[in-house]
Structure formats: C-alpha cells, structure tokens
Amino acid sequence: MPQITYIQADGERHAVGADSGVSVMKAAISHGVPGIVAECGGSLMCATCHVYVDEAFADALPVPGDDEDEMLEVAASERRGSSRLSCQIEVTEELDGLVVHVPERQA
Ligand code: FES
C-alpha cells in the first residue's frame, strides 16, 4: 500500500497508507490529516485541497490540466511551481513515499 506523507506548515508530519486509485486529497480526509479542507469534495471547484509536492516527486506527476491550473490561481496560499490540487493526484504504487507539504491556510 503506497505511503503518503503530509507535512504541515509547522513541520508536523502525518504518514498514511493510501489505496491505489484514491486521490491524495481523499487519503488525507479519510485519515483525518489536518489542513486539507476539500470543500468541493474533489470536483475542482474550491482549491482548498492545495498542496506543495516535494521536489523529489516533481517529475513523477503529470502536469496539471487546464481546470486545475485555473483553480490554483485562486488558492488562498501562495502558488508555487510545486503547487497542485491534491484531489487531482491519483495515488499509484509508483507514488509510494510521496511527500506533500500542506500550505499554511486554505481559505
Ligand atoms: S477538493 Fe475542491 S478542488 Fe480539490
């Protein structure tokens, strides 16, 4: 089972086991990881599932689609090169060990 680690802005870490096929957002919600709000439930309408993907995995993910790109523009925390919406990242075996950083605020 792939492991995903979420690092909060204050450095607190939450490592969870996530089923392949779920989103990085859903894995966070189902394990009670703080800081991933996901108001819209994953339908690309809120940007409250914003994360910064750790550099080590920068090339492991497909580039964001146009809709995700647009929503990232209205994210509450600064958009960076590593910004992604976690509802759009599908957990796969290849992403085992993925580390994402949770922004300071989502709204
Ligand atoms: S959960 Fe709303 S855009 Fe990801």
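In this predicted model, the largest nonpolar core holds 28 residues, of which Ile 4, Tyr 6, Val 24 and Leu 98 touch the most other members. A nonpolar core is a set of buried Ala, Val, Leu, Ile, Met, Phe, Trp, Tyr and Cys residues joined through side-chain atoms within 4.5 Å; buried means under 20% relative accessible area with a 1.4 Å probe, protein chains only. Two or more residues of this core come from each of strand 1 (3-7), helix 1 (24-30), strand 3 (50-53), helix 2 (66-72) and strand 5 (98-101). Helix 1 contributes the most, with four residues. Neighbours within four places in sequence aside, Val 24 is in contact (heavy atoms within 4.5 Å) with Ile 4, Tyr 6, Ser 86, Ile 89, Val 91, Leu 98 and Val 100.

The chain comprises two helices and five strands, taken as DSSP runs (helices H or I, at least four residues; strands E, at least two) and numbered from the N terminus. Their order from the N terminus is β-β-α-β-α-β-β. The radius of gyration, over C-alpha atoms, is 12 Å, close to the 13 Å of the globule rule for 107 residues, so the chain is as compact as a globular protein of that length. That rule is 2.2 Å times the number of residues to the power 0.38.

Of the 107 residues, 43% are buried. Among contacts between residues at least 6 apart in sequence, 63% join residues at least 24 apart.

Residues are numbered from 1 along each chain as its sequence is written, and side-chain values use heavy atoms, without hydrogens and water. Local features need pLDDT of at least 70 and side-chain atom pairs count only at pLDDT 80 or more, whereas totals for chains, interfaces and linings use all residues.

Conventions
Buried < 20%, exposed > 50% of the residue type's maximum accessible area, 1.4 Å probe, protein only.
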